[in-house]
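Hi,

Here is the structure I promised to pass on. Have a look at it first, and my notes follow below.

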2 protein chains.
Amino acid sequence: MELQIAKHTKEVEEIICRFLPKEEGYQKTVLSAMNYSFNAGGKRLRPMLMLEVFRLFGGKNIKLVEPFMAAMEMLHTSSLIHDDLPAMDNDEYRRGKKTTHIVYGEAMAILAGDGLLLYAFETAAKAYEVEPENKNIGKALSIFAQKAGIYGMVGGQTVDVEMEGKPLSQEQLLFIHHLKTGALIEASMMIGAILAEASDEDVLKIQKIASNIGLAFQIQDDILDVMGDEEMIGKPVGSDCKNNKTTYVSLKGIEQSHADVERYTNEAVGLLDSLHGANEFLKSLLMALVNRKK
Amino acid sequence: MELQIAKHTKEVEEIICRFLPKEEGYQKTVLSAMNYSFNAGGKRLRPMLMLEVFRLFGGKNIKLVEPFMAAMEMLHTSSLIHDDLPAMDNDEYRRGKKTTHIVYGEAMAILAGDGLLLYAFETAAKAYEVEPENKNIGKALSIFAQKAGIYGMVGGQTVDVEMEGKPLSQEQLLFIHHLKTGALIEASMMIGAILAEASDEDVLKIQKIASNIGLAFQIQDDILDVMGDEEMIGKPVGSDCKNNKTTYVSLKGIEQSHADVERYTNEAVGLLDSLHGANEFLKSLLMALVNRKK
């Protein structure tokens, strides 16, 4: 499966990198900073999911979904640049590369994040050049903004930052997980469905699938964190070794966490099977995401 | 004229404030920070220009332009929040009120800026709820993103930050003035025209008017800066008292600057007169903007 995903990552990168701006003109530095961050790697999971859902519903004109695929990765990258800033997580490295503010300075990193965020919308709107009359583009743009914003990703990020070091209730933790990780996965899959002209009912099903996968993904993340800690420093599983940070595992225990990952995944896969189309790679991809070991 | 503008500011505020998010839920703090910044005042010039151009072209359904008016002010406010950050201009006060990062902390200010930027797009897309079939909404959204982004406002801001303390060529200064101040004025007026179903030719004329007004406005700003300094600290007009900052006045001298404000304004007003419609308030507003004394 790893190889198959790598192949799809390559396919997606060939598409999305075509939308990057040229590094020229007076604003060359910020353009370099934007592209540096965008090119820092990753599996390109969100645009990959968007494309595979588009295929699931028999989407015909791939040119229509391509601008949104690039836009989604730009939006995601923009959030990483701002997350890494000194006033936020203060991270110096991401995926083994120096973070944007380390290379370009803090002011340029703030502007590169803003620039990528806006370029994401500019890029998504290029779908109108492909099909000027297509009403689904407006729907897709609305979802894109909603799921990224204060009732989506940024909302989750805000509560996470605000509650740092404080104990969380289960409801609060699920709220953060759902928005911070889940919202863009939902948006990616929903936009793929919308642009492929899926029915409203099917778009809702896709949202539910994405929401379950997002949660399972994040719980698995919490599990891997604890297991990683255990291997590395020998603390017992379920301990609060991460600066008292509340995690799914600290709230529910490791066994229940494993069980919940399985439950959410099964529900997602069951819903996927209930749809008319078939996309075996998408199914395997969703299962690989939540069953990953690192 | 001051009174007339104040009346219009009130009219615009009644419209745009209806689009502000409710301060509730887990993300209440960032919502408060967003609204705090939005409510810090100002003439609401950009949405006012948008509305008056919409009226100039006989736009019928005001409900269509309202979401874009609110969105434009959110976008503008978002840029002010990030501009004021310690890593940028490091300003503690704006319009006599403490800046967002002083009141809410730096992390919340970064997120409030991101949140407002995204909420601007979410809000603009609400125009689809008013007229789902209207193709001009897509055009307006594209202009909105382009003029805000790296080839618009953020681009100008980036070059301004990067060149701080260094001497600028006339071309560089005009580039910054054109993008940093001009781009959103262009977008505001163009979107008003587009949503009122102005012809492509007229939208181009409006862009030219806005571009001239933006430049005249910024040159006047430079003139007022120098005159303010002269009154306060007795330095000669045209001196480089502002940390060697290159201004239009330091490049061209005060007389040429005055002449250029007049030239750009006349060109704008001439173009405005050449359009079919008439909007006397818009004309007076443009003249008041560039002839302001403070």
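**The interface between the two chains**

Between them, chain A and chain B bury about 4500 Å², 72% of it on carbon and sulfur atoms; buried area here is the accessible area (1.4 Å probe) that two parts lose on being put together, summed over both. On the chain A side, Tyr26(A), Leu118(A) and Ile150(A) lose the most area to chain B, together 17% of what that side buries.

Please keep in mind that this is a predicted model, where local features need pLDDT of at least 70 and side-chain atom pairs count only at pLDDT 80 or more, while totals for chains, interfaces and linings use all residues. Residues are numbered from 1 along each chain as its sequence is written, chains are lettered from A and ligands numbered from 1 in the order in which they are written, and side-chain values use heavy atoms, with hydrogens and water left out.

In terms of contacts (heavy atoms within 4.5 Å), 50 residues of chain A meet 51 residues of chain B. Two salt bridges cross the interface, the rule being a side-chain nitrogen of Lys or Arg within 4 Å of a carboxyl oxygen of Asp or Glu. Glu133(A) forms a salt bridge with Lys135(B), with the closest N and O atoms 3.2 Å apart.

Helix H2 of chain B (residues 28–38) is also worth a look: nine of its eleven residues are buried, that is, under 20% relative accessible area (1.4 Å probe, protein chains only). Helices are DSSP runs (H or I, at least four residues), numbered from the N terminus. Among the buried residues are Leu31(B), Met34(B) and Phe38(B). The buried residues of H2(B) pack against partners including helix H9 (153–162) of chain A and helix H1 (2–16) of chain B.

Best wishes

How values were computed: Buried means under 20% relative accessible area, exposed over 50%, partly exposed in between (1.4 Å probe, protein chains only). Helices (H or I, at least four residues) and strands (E, at least two) are DSSP runs, numbered from the N terminus.
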